[in-house]
2 protein chains.
Amino acid sequence: MSRASERAYNNIRSMILSGELQPGSQIREEALAELCGVSRTPVRDSLRRLEAEMFIRRNDSQRSFVADWSLDDLEDAFQLRAMLEAHAAKRAASRITREQLGQLRFHNAQLKQAIDIPNPDVPKFLDHNRHFHAIIVAAAASERLASMLGQVTEQPVVLRTARHYDLENLRRSHHDHDELLIAFDKRDGEWAAAVM
Amino acid sequence: MSRASERAYNNIRSMILSGELQPGSQIREEALAELCGVSRTPVRDSLRRLEAEMFIRRNDSQRSFVADWSLDDLEDAFQLRAMLEAHAAKRAASRITREQLGQLRFHNAQLKQAIDIPNPDVPKFLDHNRHFHAIIVAAAASERLASMLGQVTEQPVVLRTARHYDLENLRRSHHDHDELLIAFDKRDGEWAAAVM
DNA sequence: TGGCAGCTTATTGTATACAAATGGCATTCG
DNA sequence: CGAATGCCATTTGTATACAATAAGCTGCCA
């Protein structure tokens, strides 16, 4: 993506995620253009993308509003994400390479290190966790699936932080990763999907 | 969507689906603009959308090409579609209204009429079939799910025709619809998903 | 002859001006 | 007083000109 367009996209997106742009509020192209220091053209591009990603809604007369997700929406996204990740795991089980398996093991070990200490290193955990999942998605080898997962993984950022900082969940998550690795070792797609 | 933009989108999309634009061939914004009788601006919008829908790919320097799906891609899309539709059916089972159930029954009856005659009326069958599925997606009440299904249902149009004109498949399809209706009646999401 | 440098051309990105459409407000008529 | 209608302001859509970037070609040099 080119410079102005990318700046506009990142700016607007982060303004939405940070709450700087309030959910439900109308957004005008020109105002955003000024905020981002670009013209309306790249802003329009960004708005279209963000609309596709459901960060933005448009009413019937094409005016844009910051999306405000209901609890139902978040639950819905989470459900979809779970299903898509399960599917990714199933596909990955039969396609994953030795090298990818090795990377998975590496990140899982780092994961374990991050929480098996008196003061858990949560950012480190999240980082390796992200890599872990990314490798699985890559191993699933479906662009479509990857793009769909992209659409649902980033949405509930606000809530996610709260949940992920719970140490017990982190431990459980690590345990699940262990089980996933075994399933991958056995190339057992159904098991992998079930764990996810 | 506004007039010029919509024209561009529909034109380009149908040119891709009809093969008028050959898979793998490069497409230039200006050429499309002339073909559609609009300026590059709405064409660019359309290309962005079509790229998101994976009808178009871009190389690293932003040049656009008509996507050419491999058999793997089509299979992948089909797999995803099956999974998403199963999920839609599951959600629909617990949310469908009496009115929607009635509509489902109506279309199913029409479906049956269309193929239970000496000369099956295939277009009619496909039309009611489409409505049937649309109602289920609507009953699932998940915008996200609907938009994802939109992304995978239209892709393999080329192959779909061949398969759908097979009378035996039409009959089986109708039978499955019957079973789905029973599952919905019982509000049995798992059953509905399995049928799908 | 092969490959690289620089230029030329083709293509996309951005800005801006203008057109179209929509919403809101005020005025008027019942 | 309420509703409908017409006008004005605001916002988005489209076209076009220009800028930036990448690809392809030509000619030079090893």
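In what order do the 3 strands of the open sheet in chain B lie? The order is E1-E3-E2, with antiparallel pairing. Strands here are DSSP runs of E with at least two residues, helices are runs of H or I with at least four, and both are numbered from the N terminus. Two strands count as paired if DSSP finds at least two bridges between them. At the edges of the sheet sit strand E1 (26-27) and strand E2 (56-58) of chain B, each pairing on one side only. E2(B) is joined to strand E3 (residues 64-66) of chain B by 3 bridges, and the two run antiparallel. Within E3(B), B:Phe65 is the residue that stands opposite B:Arg57.

A word on the model itself: it is predicted, so local features need pLDDT of at least 70 and side-chain atom pairs count only at pLDDT 80 or more, while totals for chains, interfaces and linings use all residues. Residues are numbered from 1 along each chain as its sequence is written, and chains are lettered from A and ligands numbered from 1 in the order in which they are written.

Now for the two protein chains. Chain A can be laid on chain B by a turn of 180° and a shift of 0.0 Å along the axis, with an RMSD of 0.2 Å (least-squares superposition on the C-alpha atoms of residues with pLDDT of at least 70 in both copies). That is the relation of a two-fold axis. Both copies use the same surface, since 100% of the contact residues of chain A recur in chain B.

The contact itself takes 14 residues from chain A and 14 residues from chain B, where two residues are in contact if their C-beta atoms, placed from the backbone, lie within 7 Å. On the chain A side, helix H3 (40-52), helix H4 (71-95) and helix H7 (143-153) each give two or more residues. H4(A) has the largest share, 5 residues. By class, this side of chain A has 8 nonpolar, 2 polar and 4 charged residues (Ala, Val, Leu, Ile, Met, Phe, Trp, Tyr, Cys and Pro are nonpolar; Asp, Glu, Lys and Arg are charged; the others, Gly among them, are polar).
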